[in-house]
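Me: Please give me a close look at a single part of this model, and then at what surrounds it. Plain description is enough, with cut-offs stated where terms come up.

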Amino acid sequence: MSKYTQLASDIIKNVGGPENITKVIHCITRLRFTLKDKDKANQAELQKLKAPGVPAVTALYNANLDQYQVVIGQAIEDVYDEVVAQLGNSVATATETSEMTAEKKGSKNPIIRAFQVVIGTITGSMIPIIGLLAAGGMINGLLAIFVKGNRLIEVIDPASSTYIIVSTLAMTPFYFLPVLVGFSAAKQLAPKDGSLQFIGAAVGGFMINPGLMNLVNPTISGDKVVPAPEAVAHFLGVTFNTSYFGIPVALPNYAYTIFPIIVAVAIAKPLNAWLKQALPLALRPIFQPMITFFITASIVLLLVGPVISTISSGLSFVIDHILSLNLGIASIIVGGLYQCLVIFGLHWLVVPLISQELAATGASSLNMIVSFTMLAQGVGALTVFFKTKKSDLKGLAAPAAISAFCGVTEPAMYGINLKYIRVFIMSSIGAAIGAGVAGFGNLKMFGFSGSLIGFPNFISNPLTHQAPAGNLMLFWIATVVCMVATFLLVWFFGYKDTDVMGTGVEKKNAFKDAVNK
């Protein structure tokens, strides 16, 4: 028996039993159940569960995704494997039943329904990739520590082949992001259709293929630089830099992009399913992927890619412009409110915007702010650890704080901070203070991974290979301010042992509430 056998059995029992479960997936810290009847779940009993490495369990219903989520923490993969072992593999992938259930349980309001689909698709597409993006950013940040000229540990020559290889390795997940997201989005949208996953990856590969980029970029022929072809047309301020079957095309650079390939997979899904029904069995193995791939790639080239890239670039520009007006004030506001997005499940909409910022400039002011919100939530849990005399709460608070310092805030937020709501509020104020100091100092962040473990991402810009003077020192100053402010706020105003623990904050569907009003 696994040490998580009993825990998995108890979780299954308290979400309504095997017959109530149509699908189960997991993210970094949570089991995500699709249930036939969410009201059969016993939240009170779930939150009494414990196991080695799982000092406490938090349960909540996410209305945006129509998922019943059980927060486990660092042992999530082991617990998930045991849950699947007990339930059978049928629940680990989408089945006819789960798809029908999703159809029935979705909101009848088309606007709300569309919002739920967008959030769910982005979340499901990005969760498997976030760890890899964070890893790439960390490798690049650690590399910057050892580069000569950064006045830290000067070991590696930035002109050496070693530097180039490691830097290329670190940036590979970002450059090939359309390929990774294409595969992941297809798995999210049509998990039973294995062929669509490879079509999605192939369309993503087409989008970043150097042969495509050579149509609009300067190229090298022998010892000569061949300039990029002249624009074929201009319309409403848009430059059409190439053509396809005589049709003018505005071809952007798709490296680091997310939204265009997700939309492309959404187009490919019904087309691929229709071809499966329409084509004779003998022709299907060749012509189904061929037609789906060609038509989807063509639509991306002519319409989806330029439109979505323009919109996402525009959003990124607007956000950068707003932040640049007064980064200090913006950091205080966003830093104080950002973790509320996590409660409502809306934080996944921010990830593509951060990716767009990093792609365009190598730095992200938005992610810098987010980093301090993660740090503050961890300090909030750590303060409870030091102040409480309850051994069970200490056992939960310490690992939750460590998890937040490593960039995963859910155990701290849902295990402690939101249950003692003043801890969450004081931690958010501490985040605003720390982010404000960083913002007024114009702190730069150059990668995804944040909180304490993300400190290498404050050293050097991976695109320009420049280390802003004093940037790392400013990070540590803002970090100390954030930690001290949060600790004092939570200690004096956020927690005392006589507080009554609530049941936590259920993820609400704020969009639905707003529409209904």
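Reply: In helix H3, the buried residues are Ile 76, Val 79, Tyr 80, Glu 82, Val 83, Val 84 and Leu 87. Buried here means under 20% relative accessible area, exposed means over 50%, and partly exposed lies in between (1.4 Å probe, protein chains only). Helices (H or I, at least four residues) and strands (E, at least two) are DSSP runs, numbered from the N terminus. The model is predicted: local features need pLDDT of at least 70, side-chain atom pairs count only at pLDDT 80 or more, and totals for chains, interfaces and linings use all residues. Residues are numbered from 1 along each chain as its sequence is written, and side-chain values use heavy atoms, with hydrogens and water left out.

H3 covers residues 76-87, twelve residues, and its first and last C-alpha atoms are 16 Å apart, close to the 16 Å expected at 1.5 Å a residue. That expected span is 1.5 Å times one less than the number of residues. An α-helix has 3.6 residues a turn, so residues three or four places apart point the same way. Just after H3, Gly 88 has a positive phi of about 100°.

The buried residues of H3 pack against helix H1 (5-14), strand E1 (21-26) and strand E2 (30-35). Thr 22 lies in E1. The relative accessible area of Thr 22 is 4%, so this residue is buried. Its side chain comes to 2.9 Å from the backbone oxygen of Thr 34. This is a polar contact (a pair of N or O atoms within 3.5 Å; within protein, one must be able to donate a hydrogen and the other to accept it, and residues adjacent in sequence count only if both atoms are side-chain atoms).

E2 and E4 run antiparallel and are joined by four bridges; two strands pair if DSSP finds at least two bridges between them. Arg 30 has Val 71 of E4 as its bridge partner. E4 also pairs with strand E3 (residues 58-62), in the antiparallel sense, over five bridges. There, Tyr 61 is bridged to Tyr 68 of E4.

How many residues of E4 are buried? Five of the five residues of E4 (residues 67-71) are, so the strand is largely enclosed by the rest of the structure. Gln 67, Gln 69 and Val 71 point one way from E4, whereas Tyr 68 and Val 70 point the other way. In E3, too, five of the five residues are buried, so E3 is largely enclosed by the rest of the structure. From E3, Thr 58, Leu 60 and Asn 62 point one way, with Ala 59 and Tyr 61 pointing the other.

For context, the largest nonpolar core has 93 residues, and Met 368 and Phe 372 have the most contacts inside it. Such a core is a set of buried Ala, Val, Leu, Ile, Met, Phe, Trp, Tyr and Cys residues joined through side-chain atoms within 4.5 Å. Helix H14 (residues 365-387) gives the most to this core, with eleven residues. A second, separate core of 31 residues includes Ile 12, Val 15, Ile 21 and Leu 31.

Key. Contact means heavy atoms within 4.5 Å.
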